[in-house]
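Me: I'm new to this one, so could you walk me through it step by step?
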Amino acid sequence: MLRVAVPNKGSLSEAASGMLAEAGYRQRRDSRELVMVDPDNEIEFFYLRPRDIAVYVGTGTLDVGITGRDLFLDAQVDADELLTLGFGGSTFRFAGPVGEFSDVKQLHGRRLATSYDGLLRSYLSGRGVEAKVVRLDGAVESSVRLGVADAIADVVETGNTLKAAGMEVFGEPILKSEAVLIGRPGEAPQGLDVLIRRLRGVIVAREYVMMDYDVRKELVEEAAALTPGLESPTVSPLRDSDWVAVRSMVKRNQTNRIMDELYEIGARAILVSSIHACRI
Ligand SMILES: Nc1ncnc2c1ncn2[C@@H]1O[C@H](COP(=O)(O)OP(=O)(O)OP(=O)(O)O)[C@@H](O)[C@H]1O
Ligand SMILES: O=P(O)(O)OC[C@H]1O[C@H](OP(=O)(O)OP(=O)(O)O)[C@H](O)[C@@H]1O
Ligand SMILES: [Mg+2]
């Protein structure tokens, strides 16, 4: 059985389980369940804290796991990113009281609070900045006001938490993070190829739509250039031999622009439908 670690709580938990369910795997119904066996798919899911998942995978206790890139890099374990999953996006950044800092170099000799001390230390040492790192478990934004730090390095999504604490980001982003599938380097465990293919199928089904339209035969090259698809669009004959039907996958966020452009060149009966599932 393939042994997979899944976040049990926090920002990544629901989306991770949702993605696995969409990929056809059995997922727990009760958030207190710790293990879930899916015998039909020969896979076993272990619900763990996302911060700990890197440790279980890094030591080889579990085969693969879903966690945040920031948490994975912070743990500094021997594992690789196998797949980016397209949810749980955030940026890891420096922040300080409004107007006080503008550059990372100003952090020299200062106190920095964070929940990601591994990530922060390696970033600072890579830039030759010597600062005192104060490791906190959460609510890091309060540390400056309460006097244990001069600035922070933390996860920023909307920026609302920082604003409420009277702080602003400064310097370049330290890291762009999202949910990732991690695994051990070396030979892939049995069943991992199927898991990755299924997850890719979910990602593509979410990211793309299917577009159908009719176009005059002489315009098919021009139209196909707008909808090249993943490999090549399907072109089928119509009863009226002057026209053809074209079918192609299109990025969901470009749907309306492409429909407008197709219409402009003379395509008609442009239909868009969702992709329920796929294998690419
Ligand atoms: N708004 C957000 N707040 C916190 N983490 C986020 C956010 N958006 C995405 N993430 C990602 O979620 C992961 C943090 O997981 P974690 O379990 O710590 O979630 P959490 O929401 O902070 O839960 P908790 O604070 O209860 O432990 C990181 O990879 C982080 O980048
Ligand atoms: O930019 P925003 O959208 O405001 O989100 C970022 C905030 O969310 C997270 O906190 P979380 O709710 O996980 O609490 P914690 O600090 O106790 O982990 C993170 O640590 C930031 O504080
Ligand atoms: Mg948190």
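Reply: This is a predicted model, in which local features need pLDDT of at least 70, side-chain atom pairs count only at pLDDT 80 or more, and totals for chains, interfaces and linings use all residues. Residues are numbered from 1 along each chain as its sequence is written, chains are lettered from A and ligands numbered from 1 in the order in which they are written, and side-chain values use heavy atoms, with hydrogens and water left out. As for annotation, an unreviewed UniProt entry places "domain: Histidine biosynthesis HisG C-terminal" at residues 205-276; such annotations may be inferred rather than shown by experiment, and positions follow the numbering used here, with feature names shortened.

Me: How far apart are the end C-alpha atoms of residues 205-276?
Reply: They lie 6 Å apart, and the span is 29% helix and 40% strand, where helices (H or I, at least four residues) and strands (E, at least two) are DSSP runs numbered from the N terminus.

Me: Switching to ligand 2, which polar atoms does an oxygen of it come up against?
Reply: Counting N or O pairs within 3.5 Å as polar contacts, an oxygen atom of ligand 2 lies 2.8 Å from a polar backbone atom of alanine 139. In side chains, an oxygen atom of ligand 2 is 3.2 Å from an N or O atom of aspartate 154 and one is 2.4 Å from an N or O atom of threonine 161.

Me: And which elements give two or more residues to the shell around ligand 2?
Reply: Those are strand S9 (151-156) and helix H6 (160-164), with S9 giving the largest share, three residues.

Notes
A polar contact is a pair of N or O atoms within 3.5 Å; within protein, one must be able to donate a hydrogen and the other to accept it, and residues adjacent in sequence count only if both atoms are side-chain atoms.
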